[in-house]
Amino acid sequence: MSSIPPPFRKKRGSPVPLGVSPSPEGGYNFAVFSRHAAGVILIIDFTATEGTEVRHEIPLHPDENRTGDIWHVRLETGLDHFTYGYRMDGPFSPAHNGLIYDPDTILIDPYCPRLLPRKWGEKCRYGKAPSCTPVKQDFDWEEDRPLNTPLPDTVIYELHPRGFTRHPSAGARHPGTYLGIVDKIPYLKALGITAVELMPVTEFDENDIVFRDPDSSEPLKNFWGYNPVSFFALKSGYAADCRNHVNEFKAMVKSLHQAGIEVILDIVFNHTGEGGYDGPTSSFRGIDNRIYYLLDQETRAYLNFSGCGNTLNCNHPVVRSLIRDALRFWVIEMHVDGFRFDLASILGRDSTGQVLANPPVIEMIAEDPVLRDTKIIAEAWDAAGLYQVGSFSTDRRWAEWNGRFRDDVRAFMSGFDDTVTRLATRIAGSSDLYQTSCRSPLSSINFITSHDGFTLYDLVSYEEKRNRANGENNRDGENHNLSWNSGCEGDPAPSAVRKLRFRRMRSMATILLLAQGIPMITAGDEFGRSQQGNNNAWCQDNQVSWIDWTLARKNKDLLRFFRLCIDLRKKHPVFRREEFFRHHESGPETGHAPEITWQYLEPGQPDWAPDCHGLAFLLHGRRPDMIRDDDFFIMINGSRGETLRFTLPDVPGDTVKRVWFQIIDTAAAAPDDFVDNGAHPPLDGGDCLAVLPQSIVVLRSNALK
């Protein structure tokens, strides 16, 4: 305790809002929830005028400074710069009642919007010293508003805020930072994506892991950051100036919006960085362990559906409010456009871990009026085996990472049997998952790769993971990768193998970007980024995870192909349907023209047999409810060694004569892999085209001039 008189006067304060907030009467109001604490002390640290570090501890009286379960106090003060935290006293009996109060631990305010800034890798002081600081609202947003990009027009690009520009080849003025992302806006705009999905940007401790590099013995870092210590506070280590990180993040959002690019946050509400009882206590555990976490009703051990030692009690009313308020904060104060919810199936569990039929928190997020225009995306599974892709919610507001799309495209394009029917369903928007609940193809976030697993290049180059560098003797990471190495494991590889790998990457990009649903690309896949076979690079803060931008030049032809596919998707609404196909075939009994027609080698003759490795379909561009689009005929050969010869169907009838033109051949070398209409001679129904193994040919109709 300091002998310097406190530069404030203590008042009763208000229980709302939670957190720290400027008071209309002057000074700051502090409010924190704790139902079971017997005593609460607010700690204030500041620097006195003579440069002395000063600490004041302010006990909160339960009669004067408590309303219900909220402890609160107002300090009349002229202080602008201070840090604060809480000590809480109460029972310590984890096995008996699940409470573990420790008055020696200084706790983070769950509602604090800013923690003490620190550079990436710098040791944190959570639990040892006050870490919370208020935020000045001094950023000029000008006329920035949410972009509200329509879902059919959305193309998502998942990136790591540090890894995206940390590599020296990025050429960023501030590598590995929010401002580094700003440096890459011209690139993102040229690529054609409409939204960046940022891996976690709430504060976490990158030094919280025990694993070491098996060769150098150097400690590894928690690079991905799926271990939050706060749901409000921004990661300061991702800023060029960590002391100004909040405004730097806002400047990034504003700049992206000016370029027409939305910002979606990957946010973690399923667990926290406190881990199990042997983990650090920084906030929630020391405030009210029984409220914030799922505990076994008898042993009081943590229920671990996250794989990270604890699980947040998401459907408790107090935690629901925390989640809602955090989401509102990011939308209102930070202007973000959407959220991807990590291990979102945990949001559907009750206090005992059972799955709820209508989880309150999932409904609350979808129905919240502030979030009504916000994109919300669920990773619809958890680490305990609950898999809800297609059944996470019946609300059309919720989109889902479609893990079925990932698996079925990978399997077909690796030459596996019994995959053709599933591929067709995924290309058509996954009606098996979403139609019965009256949702649409826009519920499906289609992806082939993500941060978790092989990169696209590694998917066509490795059949076995190579995770030794993670320090767990290659035990971590997914074993079921649904990959094929194209004939040679890893690099170096013969030129014929490399040629096949790039063919397969172009083919999978074609499927991803021309399928119904919302496509998501993982940063660097568009130019063949590799992690040398590491499919779980969560702890690799090095060149394994940093994007090597020299590949954008080396593999410029692949990058060009991605750009052209994105542009093709944007120009043609036939690839961006808002409803499922209603009419699959025409005939006098239907009275309708078909919207999609399937075949194998001959028109009108699909083959759904398990040993079939080819699929073709005709997308009809003429529909009564939309402006006439071009027709597209797409032929896919997923076999490993057999060339397939497809007979072309007639171009759908029209008032003018239309013919087929080949625009894509993923087996051709650039620039012949993607050409304009008319670069090849016109084709007509009955003509035959050879499609090489693991390749795709796309035809587009056009009026014959």
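**A pocket, a sheet and some backbone details**

The second largest pocket is lined by 27 residues, of which Asp80, His81, Arg114, Thr133 and Pro134 lie nearest its centre. β4 (39–47), β5 (53–60) and α4 (245–258) are the elements that each give two or more residues to this lining. A pocket here is an open set of points on a 1 Å grid over the protein atoms alone, where a 1.4 Å probe fits, with protein on both sides within 12 Å along at least five of seven lines; lining residues have an atom within 4 Å of a point. Helices (H or I, at least four residues) and strands (E, at least two) are DSSP runs, numbered from the N terminus.

The model is predicted: local features need pLDDT of at least 70, side-chain atom pairs count only at pLDDT 80 or more, and totals for chains, interfaces and linings use all residues. Residues are numbered from 1 along each chain as its sequence is written, and side-chain values use heavy atoms, with hydrogens and water left out.

Elsewhere, five strands form an open sheet in the order β19-β20-β21-β25-β23, with antiparallel pairing. Its edge strands, β19 (596–599) and β23 (658–665), each pair on one side only. Two strands pair if DSSP finds at least two bridges between them; β19 and β20 (residues 614–619) have four, in the antiparallel sense.

The backbone also has cis peptide bonds. One joins Val16 and Pro17, with omega about -5°, and Pro17 is found in the loop between β1 (8–11) and β2 (19–22). Another joins Asp491 and Pro492, with omega about 0°; Pro492 lies in the loop between α11 (456–459) and α12 (495–514).
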